[in-house]
Amino acid sequence: MDGMHDMGGRQGFGQVRYEPNAPVFHEDWEKRVNALYSLAVKRGIFNMDEYRHAIERMEPRHYLAASYYERSLTGLATLCVEKGVFSKEELEARAQGLFPLALALGHGRSNARDRESFKLGDKVSVRTEHVSGHVRAPGYVRGKCGVVVGISPAYPFPDAHAHGVTADDEPTYDVRFRAQDLWPDAAEAAMIHVGIFESYLVIAA
Amino acid sequence: MTHAVDLDEKPASIEQRVDAIQSLMQDHGMEPAPFIAEFKQGLESHWVPDNGARVVAKAWTDSAFKARLLANGKATVAELGLSMPPHHRHLVVLENTPTIHNVICCTLCSCTAFTIIGLPPDWYKDLEYRARIVRQSRTVLREMGLDLPEAVEVRVWDTTADTRYMVLPMQPAYSQGWSEDALAAIVSKDAMIGVARL
């Protein structure tokens with residue numbers, strides 16, 4: 001889905017709020033949230049693709065304003081409600097206030113029927129697709145051409161795995177793009193590499 | 001089923017929301033308290049950048065290890081007793097050279113080789129880094145204190161699948177001949193992300 005989470009290449013942002021060797025956690029509740037979603041994954045309540053997608057489905061203004069661990073909490077709570085573990089009403093009764101969750105789930109899909117495999121050095125392009133469900137190709141590579149420089153083992157196909165749809169695992173390819181090809185009018189020279197699932201790619205003409 | 005978010009009304013505080021979900025998980029027999037305690041222990045002792053620092057120091061001092069590391073990161077870090085979650089099926093180690101500088105990111109969320117280089121800091125997961133590092137890499141790195149010579153090619157790696165990446169920084173000239181332990185002590189998480197040089 002073309003969600004607010006798909007940040008790569010968006011303009012208008014200021015400087016990174018960087019401090020060398022920054023701490024990972026600031027508050028105890030952040031560690032608890034991290035533990036609780038890990039526990040839910042361990043218990044098989046949801047998988048990592050469902051979890052990532054639940055965060056992507058947050059109302060965009062909520063997504064942008066929430067801290068990282070608030071997004072985690074919202075993803076965890078949304079999936080527990082959607083999976084029927086407990087209800088939003090129960091959460092709000094315990095929290096003694098509103099507990100905003102993510103918005104509704106769209107449609108998943110299985111592997112591309114005509115997918116092919118690629119080898120190192122192949123010139124590939126990213127299919128121009130706009131899906132309503134989970135997808136792990138960032139928008140900035142859509143329709144762009146690059147070269148395969150790495151091949152990874154087969155992984156669950158996220159577009160299916162986040163939606164309970166059956167699919168084959170498939171490899172991902174590290175594809176090298178020129179930044180100037182991704183944003184012809186406004187990018188600094190660099191090589192940008194993206195890990196792309198087989199179903200998202202075709203051989204470039 | 002749609003859960004509307006009412007932006008005009010203030011939600012319960014974040015602590016109240018975390019307490020609420022923890023107590024419901026408790027009621028459903030998931031035993032969150034001992035898991036949280038164990039998890040916090042893990043955060044402090046297992047998922048720390050010292051792991052990656054040991055890998056880097058070994059690669060600097062043992063060329064055969066480095067060759068194996070660059071060919072198969074996951075199997076090779078296991079030689080040092082380091083592991084990755086089962087869903088991270090591959091670790092790609094990116095070697096910096098005098099003419100190539102690698103930097104990693106996750107524009108879609110926060111993916112990192114956290115068991116090796118440690119959990120990502122706030123700035124890595126913030127909107128600014130995710131939006132800008134792929135498009136204005138050199139400027140962003142300069143703003144973060146790393147001014148690369150023009151002749152150095154910048155290679156950005158966006159962690160969009162479950163393969164993980166880490167940067168193998170260049171060994172600083174002043175550290176030639178040091179022991180592995182002494183070398184490991186100068187390797188930072190930021191250098192393994194690629195926003196700092198040593």
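1. Strand β1 (residues 91-95) of chain B is largely enclosed by the rest of the structure, because 4 of its 5 residues are buried. A residue is called buried if 20 or more other C-beta atoms lie within 10 Å of its own, exposed if 12 or fewer do, and partly exposed in between, with C-beta atoms placed from the backbone. Helices (H or I, at least four residues) and strands (E, at least two) are DSSP runs, numbered from the N terminus.

2. The model is predicted, so that local features need pLDDT of at least 70 and side-chain atom pairs count only at pLDDT 80 or more, while totals for chains, interfaces and linings use all residues. Residues are numbered from 1 along each chain as its sequence is written, and chains are lettered from A and ligands numbered from 1 in the order in which they are written.

3. The partner of β1(B) is strand β4 (residues 164-168) of chain B, and the two run parallel, joined by 5 bridges; strands count as paired if DSSP finds at least two bridges between them. Within this pairing, B:Val92 has B:Tyr165 in β4(B) as its bridge partner.

4. Which strands make up the open sheet, and in what order? It has 7 strands in mixed pairing, and the order is β5(A)-β1(A)-β2(A)-β3(A)-β4(A)-β3(B)-β2(B). At the edges are β5 (201-203) of chain A and β2 (100-105) of chain B, each of which pairs on one side only. Neighbouring strands of the sheet are turned by 35 degrees against each other on average, direction ignored, where the axes are lines fitted to C-alpha atoms (for helices over the stretch in contact) and angles run from 0 to 180 degrees between N-to-C directions.

5. Two pairings in this sheet can be followed residue by residue. Strand β1 (residues 123-126) of chain A pairs with β5(A) in the antiparallel sense over 3 bridges, and there A:Val126 stands opposite A:Leu201. Strand β4 (residues 191-197) of chain A runs parallel to β3(B), to which 4 bridges join it, with A:Met191 having B:Arg155 as its bridge partner.

6. The contact between the chains takes 74 residues from chain A and 72 residues from chain B, two residues being in contact if their C-beta atoms, placed from the backbone, lie within 7 Å. On the side of chain B that touches chain A, the largest share, 11 residues, comes from α1(B). By class this side has 34 nonpolar, 17 polar and 21 charged residues; Ala, Val, Leu, Ile, Met, Phe, Trp, Tyr, Cys and Pro count as nonpolar, Asp, Glu, Lys and Arg as charged, and the others, Gly among them, as polar.

7. Helix α1 (residues 28-42) of chain A has 15 residues and reaches 21 Å from its first C-alpha to its last, close to the 21 Å expected at 1.5 Å a residue, the expected span being 1.5 Å times one less than the number of residues. Its buried residues include A:Trp29, A:Arg32 and A:Leu36, and what covers the buried residues of α1(A) includes α2 (48-56) and α4 (68-82) of chain A together with α1 and α2 of chain B. Just after this helix, A:Gly44 takes a positive phi of about 80 degrees.

8. Is B:Arg132 buried or exposed? B:Arg132, which is found in helix α8 of chain B, is buried, with 25 other C-beta atoms within 10 Å. Leaving aside residues up to four places away in sequence, B:Arg132 touches A:Phe13 and B:Val140.

9. Chain B comes to 11 helices and 4 strands, and buried residues make up 47% of its 198 residues. Its domains are domain 1 (14-45) and domain 2 (49-193), with bounds that come from an automatic or database domain assignment, and 31 Å separate their centres, taken over C-alpha atoms.

10. In chain A the assignment gives domain 1 (1-103) and domain 2 (123-203), whose C-alpha centres lie 24 Å apart. Between them, 9 residues of domain 1 of chain A are in contact with 15 residues of domain 2 of chain A, and the residues on the domain 1 side divide into 1 nonpolar, 4 polar and 4 charged.
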